[in-house]
Amino acid sequence: MSFRAEERENFLTLFNENKEKIRHSPGCTHLELLEDYNDPNSFSTYSYWQNEADLNAYRHSDLFAKVWANTKNKFAKKPIAFSLKRHTLVD
(Lines give C-alpha, C1' and ligand atoms only; values in the text may rest on other atoms or scores of the structure.)
Protein backbone atom coordinates (compact mmCIF):
# COMPACT_ATOMS: atom_id res chain seq x y z
CA MET A 1 0.00 0.00 0.00
CA SER A 2 1.37 3.37 -1.01
CA PHE A 3 0.17 6.34 1.02
CA ARG A 4 0.22 10.06 0.37
CA ALA A 5 3.07 11.50 2.46
CA GLU A 6 0.70 13.62 4.53
CA GLU A 7 -1.35 10.51 5.41
CA ARG A 8 1.54 8.28 6.54
CA GLU A 9 1.22 9.03 10.26
CA ASN A 10 -2.59 8.86 10.09
CA PHE A 11 -2.34 5.38 8.60
CA LEU A 12 0.15 4.26 11.25
CA THR A 13 -2.16 5.54 13.98
CA LEU A 14 -5.12 3.72 12.42
CA PHE A 15 -3.13 0.49 12.13
CA ASN A 16 -1.90 0.69 15.71
CA GLU A 17 -5.41 1.36 17.01
CA ASN A 18 -6.77 -1.73 15.25
CA LYS A 19 -3.94 -4.27 15.08
CA GLU A 20 -4.92 -6.14 18.24
CA LYS A 21 -8.56 -6.34 17.14
CA ILE A 22 -7.45 -7.81 13.82
CA ARG A 23 -5.03 -10.20 15.54
CA HIS A 24 -7.89 -11.45 17.69
CA SER A 25 -10.20 -12.08 14.74
CA PRO A 26 -11.16 -15.75 14.52
CA GLY A 27 -8.50 -17.63 12.59
CA CYS A 28 -5.84 -14.90 12.58
CA THR A 29 -2.61 -16.31 13.99
CA HIS A 30 -0.18 -13.56 12.95
CA LEU A 31 -0.26 -9.94 11.78
CA GLU A 32 2.56 -7.53 11.15
CA LEU A 33 3.16 -4.32 9.25
CA LEU A 34 6.17 -4.11 6.93
CA GLU A 35 7.66 -0.84 5.66
CA ASP A 36 9.55 -0.55 2.38
CA TYR A 37 13.26 0.20 2.91
CA ASN A 38 13.33 2.75 0.10
CA ASP A 39 9.89 4.32 0.33
CA PRO A 40 8.73 5.35 3.81
CA ASN A 41 5.17 5.75 2.54
CA SER A 42 4.87 2.20 1.25
CA PHE A 43 3.68 -0.62 3.53
CA SER A 44 2.49 -4.20 3.39
CA THR A 45 0.53 -6.13 5.94
CA TYR A 46 1.55 -9.73 6.44
CA SER A 47 -0.86 -12.07 8.18
CA TYR A 48 -1.46 -15.76 8.72
CA TRP A 49 -4.97 -17.18 8.76
CA GLN A 50 -5.91 -20.73 9.71
CA ASN A 51 -7.86 -21.07 6.50
CA GLU A 52 -9.38 -19.08 3.65
CA ALA A 53 -12.84 -19.16 5.24
CA ASP A 54 -11.51 -17.29 8.31
CA LEU A 55 -9.80 -14.72 6.08
CA ASN A 56 -12.99 -14.23 4.07
CA ALA A 57 -15.04 -13.90 7.26
CA TYR A 58 -12.69 -11.12 8.38
CA ARG A 59 -12.96 -9.44 4.97
CA HIS A 60 -16.74 -9.35 5.42
CA SER A 61 -16.64 -8.16 9.04
CA ASP A 62 -17.62 -4.76 10.44
CA LEU A 63 -14.03 -4.36 11.66
CA PHE A 64 -12.61 -4.75 8.15
CA ALA A 65 -15.23 -2.40 6.70
CA LYS A 66 -14.32 0.28 9.26
CA VAL A 67 -10.57 -0.08 8.88
CA TRP A 68 -10.70 -0.30 5.08
CA ALA A 69 -12.91 2.78 4.77
CA ASN A 70 -10.42 4.75 6.83
CA THR A 71 -7.41 3.32 4.96
CA LYS A 72 -8.35 3.58 1.30
CA ASN A 73 -8.87 7.33 1.43
CA LYS A 74 -5.18 7.74 2.31
CA PHE A 75 -3.71 5.90 -0.71
CA ALA A 76 -1.37 7.58 -3.18
CA LYS A 77 -2.08 4.83 -5.72
CA LYS A 78 -4.17 1.70 -6.10
CA PRO A 79 -3.08 -1.03 -3.65
CA ILE A 80 -2.12 -4.55 -4.60
CA ALA A 81 -3.55 -7.42 -2.56
CA PHE A 82 -3.05 -11.14 -2.84
CA SER A 83 -3.39 -14.24 -0.71
CA LEU A 84 -0.94 -17.10 -0.58
CA LYS A 85 -0.91 -20.51 1.00
CA ARG A 86 2.09 -22.39 2.26
CA HIS A 87 3.35 -25.07 -0.02
CA THR A 88 4.73 -28.19 1.55
CA LEU A 89 7.51 -29.68 -0.52
CA VAL A 90 7.42 -33.39 -0.99
CA ASP A 91 10.75 -35.18 -0.48
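E9 is partly exposed, at 49% relative accessible area. This is a predicted model. E9 pairs with R8 in a salt bridge, and their closest N and O atoms lie 2.8 Å apart. R8 counts as buried, because its relative accessibility is 16% and the cut-off for buried is under 20%.

## Other salt bridges

The structure has five salt bridges. Side chains of opposite charge can pair when their charged atoms come close.

R4 bridges to E7, with 3.3 Å between the closest N and O atoms. R4 is partly exposed at 29% relative accessibility, whereas E7 is buried at 15%. A network of salt bridges links R4, E6 and E7.

R23 and E20 form another salt bridge, at 2.6 Å from N to O. They sit three residues apart in helix α1, so about one helical turn separates them. R23 is partly exposed, at 29%. E20 is partly exposed too, at 38%.

## The largest pocket

The largest pocket has a volume of about 1400 Å³. Its lining has 38 residues, and T45, Y46, S47, R59 and F82 are the closest to its centre. By class, the lining holds 21 nonpolar, ten polar and seven charged residues.

Strand β2 gives the largest share of this lining, seven residues. Elements that each supply at least two residues include α1 (8-23), β1 (28-35) and α3 (62-72).

## A nonpolar surface patch

L34, Y46 and Y48 make up a nonpolar patch on the surface. Together they have about 250 Å² of accessible area. Y48 lies in strand β2 and is partly exposed, with a relative accessible area of 30%.

Terms used
Residues numbered from 1 in each chain as written. Predicted model: local features only at pLDDT ≥ 70, side-chain atom pairs only at ≥ 80, totals over all residues. Heavy atoms only, no water. 1 Å grid on protein atoms, 1.4 Å probe; cavity = no way out; pocket = protein on both sides within 12 Å on 5 of 7 lines; lining within 4 Å. Points joined across faces, edges and corners; volume = space filled by probe spheres on them. Helix = DSSP H or I, 4+ residues; strand = E, 2+ residues; numbered from the N terminus. Nonpolar A, V, L, I, M, F, W, Y, C, P; charged D, E, K, R; others polar. Patch = residues over 30% accessible without salt bridge, like charges linked within 9 Å, V, L, I, M, F, W, Y side chains within 5 Å. Areas by Shrake-Rupley, 256 points an atom, 1.4 Å probe, with all protein chains shown as cover. Salt bridge = Lys/Arg side-chain N within 4 Å of Asp/Glu carboxyl O. Buried < 20%, exposed > 50% of the residue type's maximum accessible area, 1.4 Å probe, protein only.
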